[in-house]
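Please prepare a short briefing on the structure shown below, grouped by topic.

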Amino acid sequence: NACHYMRDFVAPEVAASVHGSNASGVQATCPDCHVPKPFLAKTMRKIEAAREGWGHLRGVIATREKFEAHRREMAERVWATMKRTDSRECRSCHSFAAMDTEAQDRQTVRKHSAAIEQGETCIDCHKGVAHVLPEEP
């Protein structure tokens with residue numbers, strides 16, 4: 001399978017995360033988080049993905065060991081994109097304005113309020129929400 005590493009390495013960790021299993025039964029799929037909805041951004045991402053195919057053909061992350069060795073680099077690339085786009089894909093489902101602060105604990109409300117005031121974006125605090133965090137260098 002061309003994407004065995006996604007099926008074998010990534011899918012189980014997403015399935016175990018809040019984006020794969022939660023009280024509401026809503027699940028996010030890979031494209032929800034990794035494929036932009038706006039046409040130009042989506043087209044650019046698909047071009048980028050085609051370039052990533054070269055790494056696939058070379059087997060850069062074909063084994064668990066290789067995948068883990070590249071996890072930080074891959075995560076940092078995605079985090080940088082999310083930071084640059086103000087977590088656009090997160091915001092297609094999540095919105096500060098739509099949050100029910102009555103249902104959040106006080107600490108969460110404080111953190112979200114501070115994030116809004118400081119112009120932070122989702123990925124500033126929510127790294128590892130769907131994937132295992134890479135080991136520290």
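A charge is taken to sit over a ring if NZ of Lys or CZ of Arg is within 6 Å of the ring centre and within 35 degrees of the ring normal. By that rule Lys127 lies over the face of Trp79, at 5.2 Å from the ring centre. The model is predicted, with local features needing pLDDT of at least 70 and side-chain atom pairs counting only at pLDDT 80 or more, while totals for chains, interfaces and linings use all residues. Residues are numbered from 1 along each chain as its sequence is written, and side-chain values use heavy atoms, with hydrogens and water left out.

**Aromatic pair**
- Rings of Phe, Tyr and Trp (its six-membered ring) pair if their centres lie within 6.5 Å, and planes under 30 degrees apart count as stacked, over 60 as edge-to-face and the rest as tilted; the count comes to one aromatic pair.
- Phe9 and Phe67 form this tilted pair, at 5.3 Å centre to centre and with 55° between the planes.
- Because Phe9 lies in helix 1 (residues 4-15) and Phe67 in helix 4 (residues 64-84), the pair ties together parts that are 58 residues apart in sequence.
- Phe9 is buried (under 20% relative accessible area, where over 50% is exposed and in between is partly exposed, with a 1.4 Å probe and protein chains only), at a relative accessible area of 9%, and Phe67 is buried at 4%.

- Helices are DSSP runs (H or I, at least four residues), numbered from the N terminus.
- Helix 3 (residues 39-58) has 20 residues and should span 28 Å at 1.5 Å a residue, which agrees with its end C-alpha atoms being 30 Å apart; the expected span is 1.5 Å times one less than the number of residues.
- Just after helix 3, Gly59 takes a positive phi of about 75°.
- Lys46 is found in helix 3 and counts as exposed at 53% relative accessibility, and its C-alpha atom is separated by 16 Å from that of Arg88, 42 residues apart along the chain.

Terms used: Helices (H or I, at least four residues) and strands (E, at least two) are DSSP runs, numbered from the N terminus.
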